[in-house]
Amino acid sequence: MYQPLIDKIETYDIIVIHRHIQPDLDALGSQLGLKRLIQLNYPNKEVYTFGEMGDFKWFGSMDQHIPEQDLKKALAIVLDVSGKERVSDQRFLTAKESVVVDHHQNDTDFADTFISDPTQIATCQMLTEMAVNHHLTMDQAAATYLLGGLVTDSGRFMYPQTTDKTFECAAYLMKQGADLQYLYQNLYEVDYTMKRLKGYFIYSFKTTEHHVAYMKNPKSLKDEFGVSTFTVSRGMVNQMAGIKHIPIWANFTETDSGAILCELRSKHIPIVDVAKKYGGGGHDLACGCTAIDWETTDDIIRDLDLLAKKGR
Ligand SMILES: [Mn+2]
């Protein structure tokens, strides 16, 4: 499966590596991990990485500059994304040829070579498999980058697509010296304010007769904790998720203009029609709308409670 990528790497002297916008650790880990693998195994190649780092500046850094004439001669490798629009930094379009390696269930609209495997939990898992199958030299840095993507895209080995291959890859990366503790310390250490806000949510949410959990957050809450409306609204709704006997949960947050953002979530019972009824939309189990006043949120809570009643 990976031979076409190996062939292209061997053919080109200049290689640029891209991944998606709003990067997660699979995007960055595959990008930085592949760069390191190429440097180790093909020391004569020039390799560049592009894109923004987002919240992960601790994880590594990007190259920003490449001479225009070099870019035109380069191979572009695009990781963890298949559609042109979601690629961070559009300079890959100037490169001579492109290869995409991705585990998402999407088609590509630009790649000359497309290496796709939606059965894999992470692009980092695919690159680890490539390194093993093709006997590539690896070091601690490369292994740590790749393990970063493997750990996060698998939800710390919790998501259903976690397989024996995931653990084999993790074991292999650990044998190469991957620094798991460094990853965990940076990934899972939380901000003091966020911890307090989460605690407030967990302690304060209410439930209806049929166990719909909800929170009503006045404007003053975001000021009290020094966070944004978005942090309270979207960021906190799932503090009410994953609780036994609570099928539906909703988070109502007043904005600066006085409108109320409604984030609605459900385990199994489709609730999107409630969101639509109040002018919103989204997915069956995760949707939202904007209410004009608190009375409307009471109507929404009543509608959700009715669904919870019918749903059991
Ligand atoms: Mn991924």
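Visitor: Hi! Is strand E7 mostly covered or mostly open?
Guide: Mostly covered: five of the six residues in E7 are buried, meaning under 20% relative accessible area with a 1.4 Å probe, protein chains only. Strands here are DSSP runs of E with at least two residues, and helices are H or I runs of at least four, numbered from the N terminus.

Visitor: What kind of model is this?
Guide: A predicted one, where local features need pLDDT of at least 70, side-chain atom pairs count only at pLDDT 80 or more, and totals for chains, interfaces and linings use all residues. Residues are numbered from 1 along each chain as its sequence is written, and side-chain values use heavy atoms, with hydrogens and water left out.

Visitor: Back to E7, how many bridges join it to E8?
Guide: Six, and the two strands run parallel; pairing takes at least two DSSP bridges. Asn 217 stands opposite Thr 253 in E8.

Visitor: And which way does E6 run against E7?
Guide: Antiparallel, with two bridges. Thr 207 has Ala 213 in E7 as its bridge partner. The two strands form a hairpin with four residues between them, and His 211 in the turn has a positive phi of about 70°.

Visitor: Switching topic: at what angle do H5 and H7 cross?
Guide: Roughly 50°, and the axes of H5 (residues 140-153) and H7 (residues 180-188) come within 10 Å. Axes are lines fitted to C-alpha atoms over the stretch in contact, with angles from 0 to 180 degrees between N-to-C directions.

Visitor: Which residues of H5 meet H7?
Guide: Thr 144, Leu 147, Gly 148, Val 151 and Thr 152, where contact means heavy atoms within 4.5 Å.

Conventions: Buried < 20%, exposed > 50% of the residue type's maximum accessible area, 1.4 Å probe, protein only.
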